[in-house]
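Thanks for coming. I will go through one structure, a few residues at a time. Please have a look at it before I start.

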Amino acid sequence: MLDPLDGLITKQDIADIAASEDLILNDENRISVLESMGSIDVQACPGSGKTTLIATKLILLAKKWPFQCQGICVLSHTNVAKDEIIGRIERSKTIEAQRLLSYPHFIGTIQEFVNRFLAIPYLRSKGIKNITVDNDEYVKVARTLLNNGQFAWLRGTLNGLGAPENIDAFLRDTFRLSTNNGTDININKVPKAWKKNANLQKAHAALARLKQYLDEHGIYLFRDMYTHAQTVYSENASLGILVAERFPYVFLDEMQDTQKYQDDLLLKIFPLAEPKLIVQRYGDPDQAIFHGVGGEDPNSSYNGKLVEDMDFVINKSHRFDDKIGKKIRGVSFNAIFLETELSEDSLRERTQIHANGQNFEHTVIIYRDETKGNVIPEFTDIVSCQFSEMHKRSDKFSIKVVGAVGNEIDPEKHELKIGHYWTGYDKSKAKNKFKESAFIEAVHYCRQSPSVDWSANYKLLTDCILRLLRKAEKKDEEGRYFSATSMRELLRATDKWDCYRELICMMLGEDYQIDQEFWDDAIRVLLAIFNLNNLSAEASEYMTYHDEIEVAGAEQNIGEPKESALTTLPENIIRHPDGFRVELSTIHGVKGETHDAILVLETKYHCFDLETMLPYLTGDLPNQERPNVKLRDNPHHSAAFKPNKKFMRQLYVAMSRPKHLLCLAVHANHITPEQKASLEAVGWRLRDLALCEGATAASSEK
């Protein structure tokens, strides 16, 4: 432990910052986390204010930081999380907080840290000056090389993979990885032609030449940089000590999404047992639905921990009330006892959002094959009836329908996916898949978004401007293309940061209509901010004015058994006659989001996910396999019925998104009478579409 940091933050400091930053910090767990000056692991439940907690601690440290040349290192898994932390610091009323945004401190993604402090300096020491780390650029250059005569045979074998996107996917996976004998090239899917023994060695040699050319010309995949960083450590035994001295205090955010190769490197850089180093890790293993993505192994140093292994567990949420919290507890794999942190006044205010000033009725919609198409219309009607007219008209009113499996339907297989409930759903057109061809398309897209998520829209426009700088060949002082971080540093250094932020706010806001005059003025300001003159034809075309994207007119959901007044809009959005919009998405697509209401659809991946999870929702099965837990005598309880971590974590993420209304949809064949009774006993309302249809028919006959 470093003596200058021991006891640095006091309870009085916490009370003072709570007053100055308008925070409520009366929870003992949060106070203990803020006070802690040792290496700790924190599990924070959905809606617990994890980012606020991290930002608050950073501000407290900034006020008393005793070192001039040693800094705090804050690493996150995504740019969104990084930008959220930076945004909290920028909005802080504490003057000292701004120190965190410059030397000697660092706030960035794990990827940015690895690039900046390890991999890129290492590559430059090898004589490689112009370095580009970008998967898209890598694939673009690699495909150009494949047209060269020396790679003709290799290109021919890759053509056997089929569509161009399959070849691109193959190339994106050709990163270098560390082995006992140095490095090798990763190959996920072996082309058919390579499976002949005579071709395999030839293929590896050709791929090695291609990779060597890209290396020598400074074109790398993101994943390559971790391997080069591993090499740095193997060649420099003292590097770990130097990094620990440079950053004696480390925050690791979103630990549940960290892959094993990232975690292995982080544990080398920032060893948890190092007494001169403070490493504080934050996340939620219950929400670990991204770990292991892309065939990578998930981390185990954090996600493998149970609740009793955590140093601190924050189980109080200000997103939802106890009625939702109690329903989610059963699918918390770590068996976190979720509670609400909403005050009595806040809970009373929430009843005003309900159409009749009552509590929301969380509903399980039960359907059959012939009424599957009625599930989403039924949900939208439930939303329409339960929310007040004023709240439904709010720009911030946000409704989602989600399912675990959303890819393309194969009519030859027995499947259950989002598209079976709504035939207009197309995963490739999901919001997070949006790809603009011109900058103005992104601005229109942000303004048409059904939910107001300023940070996500801000990031989208920032990414577009980074693409403009790349198209305009604008580079930093070291000859590298700009990242979000280096662009922000440039704007601050040139006193243009405030002007840039104001321009983005104007583009995202509703105060100005986007017409030719507005667009010309906005682009003139943008180009002046970055001193962009004589744009290339490609960059000029990217900034050209276009009319607003046409929204599709009303159309019925083809194949839907119940005639619906719902309107299908682009990008998997449905409009209700009341005017509010409903967005369809995969569960992975809503991770980290908050909505007013959500419907979780049952889908199938080997087995039906909600059917598998029902015993946990009813309380018939415990969250984890524990020897001291005795299961009740029930035919569903067997040794084979163990918690499915994947399904449980996905359902936990989905069910913890809404603030007010939670609904599920399950097939009638997958729920027993006993389970129906148990669900009603724990507060669910059941809505059987067959009974609803029967009641409607009987009423019509009368």
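Let me begin with Ser384. Leaving aside residues up to four places away in sequence, Ser384 touches Lys392, His576, Asp578 and Phe580, where contact means heavy atoms within 4.5 Å. Ser384 sits in helix α15, residues 375–386; helices (H or I, at least four residues) and strands (E, at least two) are DSSP runs, numbered from the N terminus. With a relative accessible area of 15%, Ser384 is buried. Buried means under 20% relative accessible area, exposed over 50%, and partly exposed in between, with a 1.4 Å probe and protein chains only.

A word on the source: this is a predicted model, in which local features need pLDDT of at least 70 and side-chain atom pairs count only at pLDDT 80 or more, while totals for chains, interfaces and linings use all residues. Residues are numbered from 1 along each chain as its sequence is written, and side-chain values use heavy atoms, with hydrogens and water left out.

Now the charged pairs. Side chains of opposite charge can pair when their charged atoms come close. A salt bridge here is a side-chain nitrogen of Lys or Arg within 4 Å of a carboxyl oxygen of Asp or Glu. How many salt bridges does this rule give? The count is 35.

Take Glu90 and Arg492, a salt bridge whose closest N and O atoms are 2.6 Å apart. This pair links distant parts of the chain, 402 residues apart: Glu90 is in helix α4 (residues 79–90) and Arg492 in helix α20 (residues 484–493). Glu90 counts as buried because its relative accessibility is 18%, whereas Arg492, at 33%, is partly exposed.

Asp215 and Arg176 also form a salt bridge, at 2.7 Å from N to O. Asp215 belongs to helix α9 and Arg176 to strand β5 (residues 176–179), so the pair ties together parts 39 residues apart in sequence. Asp215 is buried at 9% relative accessibility, and Arg176 is buried at 12%.

Then there is a network of salt bridges linking Asp27, Arg30, Lys316 and Glu341. Within this group, Asp27 bridges to Arg30 with the closest N and O atoms 3.9 Å apart. Both Asp27 and Arg30 are buried.

Last, back to lysines. Where is Lys196? Lys196 is in the loop between β6 (182–185) and α9 (197–216). Lys196 counts as exposed because its relative accessibility is 57%.

That is what I have. I can take questions.
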